[in-house]
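Please read it beside the coordinates.

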Amino acid sequence: MRKRGSSLFGAVLRYLLLAAMLAFLLFPFYWTFVTSIKPESELYGQTVTYWPQRATFDSYAKLFLEFKFLKPMANSLVVAAATTTISLTVSLLAAYAFSRYRFKGRKFLMTLFLTNNMFPAVLLLIPLYAIMRKIGILYTPRALVLSYTTFTIPFSIWLLSGYLDDLPTSLEEAAMVDGANRAQAFIRIILPILAPCVVATGAYVFMTSWNEYTFAVMFTNEANRTIPVALRNLIGQLGVQWGMLTAGGIITIIPVCIMFFFAQKRLIAGLTAGAVKG
Amino acid sequence: MQRKTSLWPYLLITPALVAVLTVVFVPVANAILMSFQSYDLRRPSGIGFVGLKNYLAVFGDPLFWRALWKTILWVLFGVGLQFFFGLVLALLLNRNFFGRGLVRSISLIPWVTPGVLIGLMWRWIFDGSYGVLNDLLLRLGVIHDKIPFLAQPATAFPAVILTIVWQGIPFFALMLLAGLQGIPDELYDAADVDGASGFQKLVRITIPSLKNIIFVTTLLRIIWVANSVDVIFNLTEGGPAYSTQTLSVYIFNKGNALNLGYASTMSIMLTLLLALVAVLYLKSIFKNQEAGR
């Protein structure tokens with residue numbers, strides 16, 4: 001601000017740097033999209049084209065008609081929706097307890113939930129596979145929902161109790177003075193204010209379940225594979241079907257991006273709150 | 001703040017606790033048990049306790065040591081570069097300019113992209129015959145022959161690092177940007193009065209103010225990056241010649257091959273290594289919480 005003389009050069013440099021950074025971060029998406037609308041002949045041609053000479057949606061048509069992409073999409077939707085509902089319900093209760101009560105063992109229990117996110121996925125993956133095989137739910141959507149709650153519940157509790165901590169307790173206390181009990185005060189007063197934060201947490205849980213691959217590839221079979229597994233399956237023994245694969249990729253990230261744009265403000269506030277405090 | 005002893009908090013926590021105990025602590029206990037067993041689903045008749053045999057086998061497995069070394073490099077370069085470029089992006093976004101909100105949102109998209117897709121998108125970019133990276137480098141005159149990036153050990157490892165860096169820049173930028181916005185302007189004003197240069201302000205004010213957030217974010221990223229399987233697996237499956245096989249990927253490959261006992265043994269060793277990082281993380285979280293209240 002103060003040194004106006006040198007700031008023009010600085011500003012140009014900053015814009016160039018920012019442009020380069022954005023180009024790096026966004027180019028893969030551009031390239032995926034361009035690939036998805038190229039005809040087969042252009043994909044594996046002599047020269048690489050940066051915009052298709054003849055744009056076509058053949059890959060998308062093939063993806064849905066031949067590869068039956070709707071099936072994995074439906075599977076992913078079921079798993080993500082169930083995971084989100086269960087995680088939010090269970091976590092909201094626990095988060096309320098952590099935020100509004102001081103009780104014996106609180107710190108221990110909080111640590112217990114926090115440590116949960118530290119376990120490597122591969123550590124849980126193998127015994128879970130053996131357990132699910134034994135109790136007979138391997139290769140069902142339940143196996144995925146169950147394993148996804150290993151990381152979504154602790155994370156949701158952490159996020160939600162952060163949001164709750166920011167709400168003054170005087171709100172509920174006023175309602176309780178007026179004769180409402182704790183549950184009524186929570187439902188009538190807290191929940192409406194907290195709703196956007198619950199939605200943001202839910203969006204995050206939904207996105208993580210929708211995107212998850214490591215558990216999905218081991219716990220599903222042909223009938224209930226989710227999108228990430230289906231995408232990977234387009235890598236065949238005879239080579240990769242890049243047209244269909246990129247088309248599937250574009251379709252996969254569209255819902256994620258939409259959700260993210262709506263949830264981002266609260267989500268970012270919640271994610272960064274804990275770390276910024278100190 | 002509430003009545004002294006109430007059953008309510010315990011009741012409210014019970015569902016979450018039961019869920020977490022069944023899907024996390026039971027499997028962890030199981031993994032410990034399995035690590036002392038010969039547990040290979042391809043040879044179901046041979047399942048049984050074998051004592052420390054798996055552990056001894058792991059210590060004598062050159063691929064294990066190689067994967068451990070790859071994990072260290074993967075975390076060091078992956079997280080290090082994510083931090084560096086994340087800081088650059090955060091500093092760029094911490095100024096007012098037209099369209100800043102939009103730029104900030106779209107620069108975060110890699111962070112919400114599925115790991116599988118990240119692996120596959122970059123696999124296509126790195127492709128040795130039709131890949132766009134080869135074409136760009138050829139056009140710019142940097143190379144004269146196409147390079148099969150993912151098919152030779154010397155280039156495959158840098159390629160997977162580049163991909164994980166791409167994935168992690170937005171998260172670092174997001175956290176650091178939040179920290180930057182919490183630094184009072186007065187600090188910079190005072191520095192301006194003293195005639196400090198931009199670089200001096202960065203080293204003397206910005207970085208020290210962000211110390212805590214850098215620490216916490218880095219620890220979190222170390223754990224995530226070390227545990228990450230999907231990106232590498234979908235780029236290279238750990239090859240060629242095991243050059244991109246980190247411990248997580250090695251364990252995943254062993255698990256896929258249904259040698260569950262051996263895989264469990266290695267995953268316990270990975271967990272013990274990461275526990276050190278996790279303890280540091282938890283300590284700082286609680287320190288912050290107490291400071292914040």
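## Chain B in the model

Chain B has 293 residues, and 44% of them count as buried. The structure is a predicted model. Its scores are ipTM 0.90 and pTM 0.90. For chain B the mean pLDDT is 90. A pLDDT of 70 or more is reached by 96% of the residues of chain B.

**Fold and extent.** Chain B contains 13 helices and two strands. Along the principal axes, its C-alpha atoms fill a box of roughly 75 × 75 × 30 Å. Take the contacts in chain B between residues at least 6 apart in sequence: 67% of these join residues at least 24 apart.

Helix α10 of chain B covers residues 198-227. Its end C-alpha atoms are only 37 Å apart, whereas a straight helix of 30 residues would span 44 Å at 1.5 Å a residue. Where does α10(B) bend? The bend is at B:Lys211, and it comes to about 55 degrees.

**The interface.** How many residues of chain B are in contact with chain A? There are 77, and they meet 78 residues of chain A. The side of chain B that touches chain A divides by residue class as follows.

| Class on the chain B side | Number of residues |
|---|---|
| Nonpolar | 53 residues |
| Polar | 20 residues |

Two points are worth checking on screen. One is the bend of α10(B) at B:Lys211.

Technical notes
Residues are numbered from 1 along each chain as its sequence is written. Chains are lettered from A and ligands numbered from 1 in the order in which they are written. This is a predicted model: local features need pLDDT of at least 70, side-chain atom pairs count only at pLDDT 80 or more; totals for chains, interfaces and linings use all residues. Two residues are in contact if their C-beta atoms, placed from the backbone, lie within 7 Å. Ala, Val, Leu, Ile, Met, Phe, Trp, Tyr, Cys and Pro count as nonpolar, Asp, Glu, Lys and Arg as charged, and the others, Gly among them, as polar. pLDDT is the predictor's confidence in each residue, from 0 to 100. Helices (H or I, at least four residues) and strands (E, at least two) are DSSP runs, numbered from the N terminus. The expected span of a helix is 1.5 Å times one less than its number of residues. The bend at a residue is the angle between axes fitted to the seven residues ending there and the seven starting there. A residue is buried if 20 or more other C-beta atoms lie within 10 Å of its own, exposed if 12 or fewer, and partly exposed in between; C-beta atoms are placed from the backbone.
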